Every structure is written in C-alpha cells, then in structure tokens.
Amino acid sequence: MKIEILSSKIHRARVTDANLNYVGSVTIGPELIEAAGLCEYQKVEILNVNNGERFATYVIRGEKKGEICLNGAAARKVCIGDVVIIVAYALLSAKKARDFEPKIVQVNEQNEIVK
C-alpha cells in the first residue's frame with residue numbers, strides 16, 4: 001500500500017508578485033527550491049494564510065532570491081504581501097513513510113531561510 005505524505009514545505013513565505021498574464025504556476029527563488037528539495041514543474045499546493053484559499057499549481061524556478069510569484073489564474077487568489085505555505089507530497093510505502101522526514105523550510109518576512 002502507498003500513502004501520500006508531506007515531502008517538503010516552505011512555511012510562511014510572503015508573496016512578492018502576482019502575474020495574471022502568465023500561463024500559470026508559482027515562481028519560486030532558486031535557494032528556496034533547493035532548500036525544500038522541489039523540482040521544476042512539480043505539483044505543489046499553495047495555502048494562503050491571509051484568506052484561506054488552497055489551490056494546486058506547479059513550480060517554476062525563479063531567478064531572484066526570495067521570489068514567490070503566483071502566475072496566471074492563481075494570481076487572483078493572492079495579494080502581494082500575503083503569507084503562504086507551499087507544500088509538496090510524495091507517494092511512499094506505508095513502511096517507508098513511518099521513518100520519512102519531510103524538508104521544512106522556515107523563512108522570515110523577506111523570504112530568507114531561517115531554519
């Protein structure tokens with residue numbers, strides 16, 4: 001049996017931009033992608049702490065440090081400055097899931113990694 005388990009999380013990042021005129025996705029700064037162990041085009045969920053919105057999209061590697069930009073239709077679900085949690089999941093066997101440790105990336109108000 002396989003179960004879906006949290007594989008990584010960027011906790012309480014601030015939205016730095018919202019671009020309605022883009023195909024879709026979330027652009028994330030390269031240092032945050034690496035720290036969270038995310039892959040470009042990987043499916044993620046965005047949890048907006050400010051308004052309660054929860055939606056799925058995919059990752060695009062940004063160029064700017066600390067960048068969190070929601071693109072396309074997702075841009076309507078956030079405002080610049082909103083606090084979001086970005087989560088990714090993995091399918092693991094129930095046995096492997098018991099010992100699995102997700103990568104949790106905590107950031108400050110400038111989206112700099114603090115833990």
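## Stop one: Asn111

Select Asn111 and show what surrounds it: leaving aside neighbours within four places in sequence, this residue is in contact with Ala13, Arg14, Thr16, Glu31, Leu32, Gly66 and Ile68. Keep in mind that this is a predicted model. Asn111 sits in the segment after β8 (103–106). Is Asn111 buried or exposed? It's buried, because its relative accessible area is 1%, and the cut-off for buried is under 20%. Now pick out its side chain, which reaches the backbone nitrogen of Arg14 at 2.7 Å.

Colour by accessibility and the two partners get separate labels: Glu109 is exposed at 56%, while Arg14 is partly exposed at 27%.

Next, select Arg61 and Glu34. The closest N and O atoms of this salt bridge are 2.9 Å apart. Arg61 is in strand β5 (residues 54–61) and Glu34 in helix α1 (residues 30–36), so the pair ties together parts 27 residues apart in sequence. Arg61 counts as partly exposed, with 34% relative accessibility, and Glu34 is exposed, with 51%.

Then go to Lys77 and Glu53, another salt bridge, with the closest N and O atoms 3.3 Å apart. This one links distant parts of the chain: Lys77 is in the loop between β6 (68–71) and β7, Glu53 is in the loop between β4 and β5, and they are 24 residues apart. Both ends come out as partly exposed, Lys77 at 30% and Glu53 at 28%.

## Stop three: strand β7 and its partners

Switch to cartoon and select residues 83–93, which make up strand β7. Strand β1 (residues 2–14) runs antiparallel to β7, and ten bridges join the two.

## Stop four: the annotated pair

Which residues does UniProt list for "active site"? An unreviewed entry there gives Ser25 and Tyr58. They are spread over 34 residues of sequence but cluster in space, with a largest C-alpha distance of 4.9 Å.

Select Ser25 first. It lies in strand β3 (residues 25–28) and counts as buried, at 1% relative accessibility. Beyond residues up to four places away in sequence, Ser25 touches Thr57, Tyr58, Ile60, Cys69, Leu70 and Asn71.

Finish on Tyr58, found in strand β5. Tyr58 counts as partly exposed, at 29% relative accessibility. Its contacts, again not counting residues up to four places away, include Ser25, Val26, Tyr41, Gln42 and Lys43.

Definitions and conventions
Residues numbered from 1 in each chain as written. Predicted model: local features only at pLDDT ≥ 70, side-chain atom pairs only at ≥ 80, totals over all residues. Heavy atoms only, no water. Helix = DSSP H or I, 4+ residues; strand = E, 2+ residues; numbered from the N terminus. Buried < 20%, exposed > 50% of the residue type's maximum accessible area, 1.4 Å probe, protein only. Polar contact = N/O pair within 3.5 Å; in protein donor to acceptor, adjacent residues only side chain to side chain. Contact = heavy atoms within 4.5 Å. Pairing = 2+ DSSP bridges. Salt bridge = Lys/Arg side-chain N within 4 Å of Asp/Glu carboxyl O. UniProt positions renumbered as here; feature names shortened; annotations may be inferred.
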